[in-house]
Amino acid sequence: MKIFLDTANLESIKKFNDMGLLDGITTNPSLMSKEKGNPKDAMEEITKIIKGDVSLEVVSTEFSGMIEEGKRLRQYGENVVVKVPMTPDGLKACKSLSSEGIPVNVTLVFSPNQALLAAKSGAKYVSPFIGRLDDIGQDGMNLIQDIKEIFQNYPHLKTEILVASVRHPMHVVEAAKIGADVVTLPPGVLDKMLEHPLTKIGLDNFLKDWEKVKAENPDIKI
Ligand code: G3P
């Protein structure tokens, strides 16, 4: 399963990219609004740091504006995936950009039918928002299961399932068990995935025991 980071924060992107964990980045206008500075500089920088796909979202809501913005966004790099909303104009833009070889991520997907339609329009990625479904008392992970089953029934659909709106590490485990293609993670979730209390306790004990070895062998170096 590919791991994308769901942020426009350069510090976080560099941190996890240096660990070799990132296959790509997803951004959206809300994530952009959280960062200081000109979003255009951030977009340029992110597409340089990350070799994999970087989703940059349009803000137009009608077809021609989406196409214009999508083409401008694509100038940041060959790894740019244009993110469009799951609307009739969004799907029209998806079809048009995809047929020109520009990959598209259809976002704000909340039902299996929306995912099917996005795939039919030629989307490279479909982004179901699981956390926001959980928030309103629906099981977001059921949506991933349904989309997976549908896409498996029609192998000619090449669209990848990109699990978005991830809130905690168990979402990641569940998505991986279902066989989702990608999860996009807020930096805080990836931080939590790195940790386990027994790892910390184990390391503290190793270091404490090594102090005993050093007490008897003062010049020892590993
Ligand atoms: O990429 C967008 C998506 O991940 C949003 O997440 O937490 O705002 O529902 P959230």
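I began with the element names: helices (H or I, at least four residues) and strands (E, at least two) are DSSP runs, numbered from the N terminus. The model is predicted, so I noted that local features need pLDDT of at least 70, that side-chain atom pairs count only at pLDDT 80 or more, and that totals for chains, interfaces and linings use all residues. Residues are numbered from 1 along each chain as its sequence is written, and side-chain values use heavy atoms, with hydrogens and water left out.

**Entry 1: the largest pocket**

I recorded a volume of about 320 Å³ for the largest pocket. A pocket is, on a 1 Å grid over the protein atoms alone, an open set of points with protein on both sides within 12 Å along at least five of seven lines, for a 1.4 Å probe; lining residues have an atom within 4 Å of a point. Its lining has 14 residues, and the closest to its centre are Met-43, Glu-57, Val-59, Glu-69 and Leu-73. I found that helix H2 (29-33), H3, strand S3 (53-57) and helix H4 (63-74) each supply at least two lining residues. Which element gives the most to this lining? H4 does, with three residues. By class, I noted eight nonpolar, two polar and four charged residues in the lining. Here Ala, Val, Leu, Ile, Met, Phe, Trp, Tyr, Cys and Pro count as nonpolar, Asp, Glu, Lys and Arg as charged, and the others, Gly among them, as polar.

**Entry 2: the second largest pocket**

I recorded about 270 Å³ of space in the second largest pocket. Among the 19 residues that line it, Asp-6, Asn-28, Leu-31, Arg-132 and Ser-165 are the closest to its centre. This lining divides into seven nonpolar, seven polar and five charged residues.

**Entry 3: the barrel**

I traced a closed barrel of eight strands in the order S1-S2-S3-S4-S5-S6-S7-S8, with parallel pairing. Two strands pair if DSSP finds at least two bridges between them. I then looked up S4 (residues 80-85) and S5 (residues 104-109), which run parallel and are joined by four bridges. Val-84 has Val-106 in S5 as its bridge partner.

**Entry 4: H1 and H3**

Which residues of H1 meet H3? Leu-10, Ile-13, Lys-14 and Asn-17 in H1 meet Ala-42, Glu-45, Ile-46 and Ile-49 in H3, where contact means heavy atoms within 4.5 Å. I noted that the residues of this contact divide into five nonpolar, one polar and two charged.

Key
Points joined across faces, edges and corners; volume = space filled by probe spheres on them.
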